[in-house]
Amino acid sequence: MTDDEFDVLDELYFVQSFHELVDLTGKETDALRNILSNLFEKGWIRIFKEVDEEVPQEEIDLIHHAEEYIFLASKEGLMAHNTTD
């Protein structure tokens, strides 16, 4: 896990919007899109349209629609975050 991935996962114990993540992490929008994409590929985050409506995996487009999503660490992501030295 990279330091950037750790920092983003650290903010995803609770649901956060893309813009909240920009503010909380201080990451540039393009960098945050890439980090979220990497976390998604690893299965470490879940992506939602609304708090109770997860986006189907085949419809996720972080490059064009990241600002429209809200994010939450998955169980696997929380476990990876908590076992990182």
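Which side chain makes a polar contact with the side chain of Lys27? Keep that in mind as we tour the close-ups below. The model is a predicted one, in which local features need pLDDT of at least 70 and side-chain atom pairs count only at pLDDT 80 or more, while totals for chains, interfaces and linings use all residues. Residues are numbered from 1 along each chain as its sequence is written, and side-chain values use heavy atoms, with hydrogens and water left out.

**View 1. Lys27 and its partner Asp4.**
The side chain of Asp4 is the answer: the side chain of Lys27 makes a polar contact with it at 2.7 Å. A polar contact is a pair of N or O atoms within 3.5 Å; within protein, one must be able to donate a hydrogen and the other to accept it, and residues adjacent in sequence count only if both atoms are side-chain atoms. Lys27 sits in the loop between H2 and H3. Lys27 is buried, with a relative accessible area of 16%; buried means under 20%, exposed over 50% and partly exposed in between, using a 1.4 Å probe and protein chains only. Leaving aside neighbours within four places in sequence, Lys27 is in contact with Asp4, Asp7, Val22, Leu32 and Ile35, where contact means heavy atoms within 4.5 Å.

**View 2. Helix H2 and its buried face.**
Look for Phe18, Leu21, Val22 and Thr25, the buried residues of H2. Seen down the axis of H2, these buried residues fall within an arc of 105°, so they line one face of the helix. The arc is that of the directions from the helix axis to the C-beta atoms. An α-helix has 3.6 residues a turn, so residues three or four places apart point the same way. The cover over the buried residues of H2 includes H1, S1, H3 and S4. After H2 comes Gly26, with a positive phi near 75°. Helices (H or I, at least four residues) and strands (E, at least two) are DSSP runs, numbered from the N terminus.

**View 3. An open sheet of four strands.**
The strands follow the order S1-S4-S2-S3, and their pairing is antiparallel. Two strands pair if DSSP finds at least two bridges between them. Strands S1 (16-17) and S3 (53-54) stand at the edges with a single partner strand each, so one side of each is left without a neighbour in the sheet. S1 and S4 are joined by two bridges, while S2 and S4 pair over four bridges. Phe71 in S4 is the bridge partner of Gln16 and also of Ile47. From S4, Ile70 and Leu72 point one way and Phe71 and Ala73 the other, and all are buried.

Which aromatic pair can you find here? Tyr69 and Phe71 form an edge-to-face pair, 6.4 Å centre to centre with 80° between the planes. Rings of Phe, Tyr and Trp (its six-membered ring) pair if their centres lie within 6.5 Å; planes under 30 degrees apart count as stacked, over 60 as edge-to-face and the rest as tilted. Tyr69 is buried at 6% relative accessible area, and Phe71 is buried at 0%.
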